[in-house]
Amino acid sequence: MKKNYRHTSFIFLFVLLLIFATTFSIISVDARKHHHTKKSKIHHKHKKQQKNGDGNKAPNCTNSPSPAPSSSHGFYPTQSPIFNILSFGAKGDGATDDTKALEAAWEAACKVQGATLEIPTEFQFLINPITLQGPCMPNFVFQVDGIILAPPKVGSWPKSSLFQWLNVKWMYNFTIQGTGTLDGQGYNWWKLSQIDYFQVMKKSKNTPDMKPTVLRFYGSYNVTIRDIKIINSPQCHLKFDNSKGVKINNVTISAPEISPNTDGIHLQNTQDVEIHHSNIGTGDDCISIQTGCSNIHVHHLNCGPGHGISLGGLGKDKSVACVSDIIVDNVNLQSTMYGARIKTWQGGVGSVKNISFSNIQVSNVKEQ
C-alpha cells in the first residue's frame, strides 16, 4: 500500500511539471510575438521619420505649430534634419547662379519641423533676388556660415525686384544665424551719379526709382537674427515691416560712410523688438524707427560711422505717425553725423510717447 502511494505521488508530480512547462512555453511565445509587433511598429515609425528628414515625404506647411510628440520610451532621440544647399545642386563658386538650389532647399526644409537650411562655410553662393516664403513648420533655422552674394551688376536686376534682395515673408519661430555673410555688393549702385544711374538702367530697359534692401522681413513673428554679417547693401541692410517679436543679437552691419541711404536696421509697423550687443556702421542711420513701432529696446550697441539713431522722419506728406515705448540705452556713437534724435516732417500729425535715451556715449559726433 505504501508502494502504491509513492507511485501515485510521482505520477501527480510529473503531470504538474508538464502543465507548468506547457504554460510557460505559451506565455513565452506570446511575449515574443508582442515584442516583435511593438518593435516593428517603432521601426516603421522611425523609417517614416527618416523619410521626412531627407525632404522626400514631409508634412505640409501649416499656419500653426504641429502637435507635440507623445512622450515615449525615448528609444530614438530626435535630431534636427539638415538641408545643405550643396545637396540641391548649388555650386558655391561665387559665379554660378545658385538661386534655384536655394529655392529647392528652402521648399524642402520648410516642410519639416526643426529643420536647418545650411549655407556651408568656405563657399560663395551667387543668388538673384528671391522671396523665401512661409508659413513653414516651426523652429526653422537658416544657418549661414558661408557667403551669399547679390548680383553685382546694376543692370542685371529686374525692375520688379528692386525693393529687396532677400525677401522673407510670413515666417514664425524662425532664426537666421551663423558665422557667414550676406553681401549686397552695392559698390556699383553707390558710385553711379544720378545721370549715370538712369543711363545704365535705360540700356537695360529698366528705369527704377529705388535701390534694394539686402534682407527684408514682412509679416513675420518671433524672428531671431544673431551672429551673422550683413554688408555693402545697395540701400537699407535689414528691414522689418508688419512684424512682431524680433530679437537681433551680436550682428555686424557694415558699409562705407560714403554709401548713400544705407541704413543699418529699419523698423516700420513692428512691435516687441530687442537689438543688442551689435556693431553697425553705414552711410545713414544705424537704426531707423518709423511709424507703427512700439516696445523697442536698443542697448549695448556700437554705432558709427553713419547718422546715429533716429525715430523718424515721422509724418511725411502730412501723414499720421505714432511711435511709443522706445528705450535706447548703453549705446556708443562714434564718428557719426548725428547722435540720437527724433525727426518729424512739417504738417504731419500723430504722437511720440514714452521715449527714453540714456547712457549714450558720443565721440567725434558732428551734431549732437
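Are Trp 106 and Phe 140 buried or exposed? Select both: Trp 106 is buried, and Phe 140 is buried as well. The model you are looking at is predicted.

Stay with these two rings. Their centres are 4.8 Å apart and the planes meet at 45 degrees, so the pair of Trp 106 and Phe 140 is tilted. Trp 106 belongs to helix H2 (residues 99–110) and Phe 140 to strand S6 (residues 140–144), so the pair links parts of the chain 34 residues apart.

Next, select Phe 217 and Phe 240. This aromatic pair is stacked, with 4.8 Å from centre to centre and 10 degrees between the planes. Phe 217 is in strand S11 (residues 213–218) and Phe 240 in strand S14 (residues 238–241), so parts 23 residues apart in sequence are tied together. Both Phe 217 and Phe 240 are buried.

The structure has ten aromatic pairs.

For charges over rings, go to Lys 169, whose charged end sits over the ring of Trp 170 at 4.2 Å from its centre. Then pick Arg 341: its charged end sits over the ring of Tyr 338, 3.8 Å from the ring centre.

Ile 342, Val 352 and Phe 357 make a nonpolar patch of about 220 Å². Phe 357 is part of strand S24 (residues 349–363), and counts as partly exposed because its relative accessibility is 32%.

Zooming out, the protein chain has four helices and 24 strands, and 41% of its 368 residues count as buried.

Notes. Residues are numbered from 1 along each chain as its sequence is written. This is a predicted model: local features need pLDDT of at least 70, side-chain atom pairs count only at pLDDT 80 or more; totals for chains, interfaces and linings use all residues. Side-chain values use heavy atoms; hydrogens and water are left out. Patches are made of residues with over 30% relative accessible area and no salt bridge: like charges are joined within 9 Å, nonpolar side chains (Val, Leu, Ile, Met, Phe, Trp, Tyr) within 5 Å. Accessible areas come from the Shrake-Rupley method with a 1.4 Å probe; for residues, only the protein chains shown count as cover. A salt bridge is a side-chain nitrogen of Lys or Arg within 4 Å of a carboxyl oxygen of Asp or Glu. Helices (H or I, at least four residues) and strands (E, at least two) are DSSP runs, numbered from the N terminus. Buried means under 20% relative accessible area, exposed over 50%, partly exposed in between (1.4 Å probe, protein chains only). Rings of Phe, Tyr and Trp (its six-membered ring) pair if their centres lie within 6.5 Å; planes under 30 degrees apart count as stacked, over 60 as edge-to-face and the rest as tilted. A charge sits over a ring if NZ of Lys or CZ of Arg is within 6 Å of the ring centre and within 35 degrees of the ring normal.
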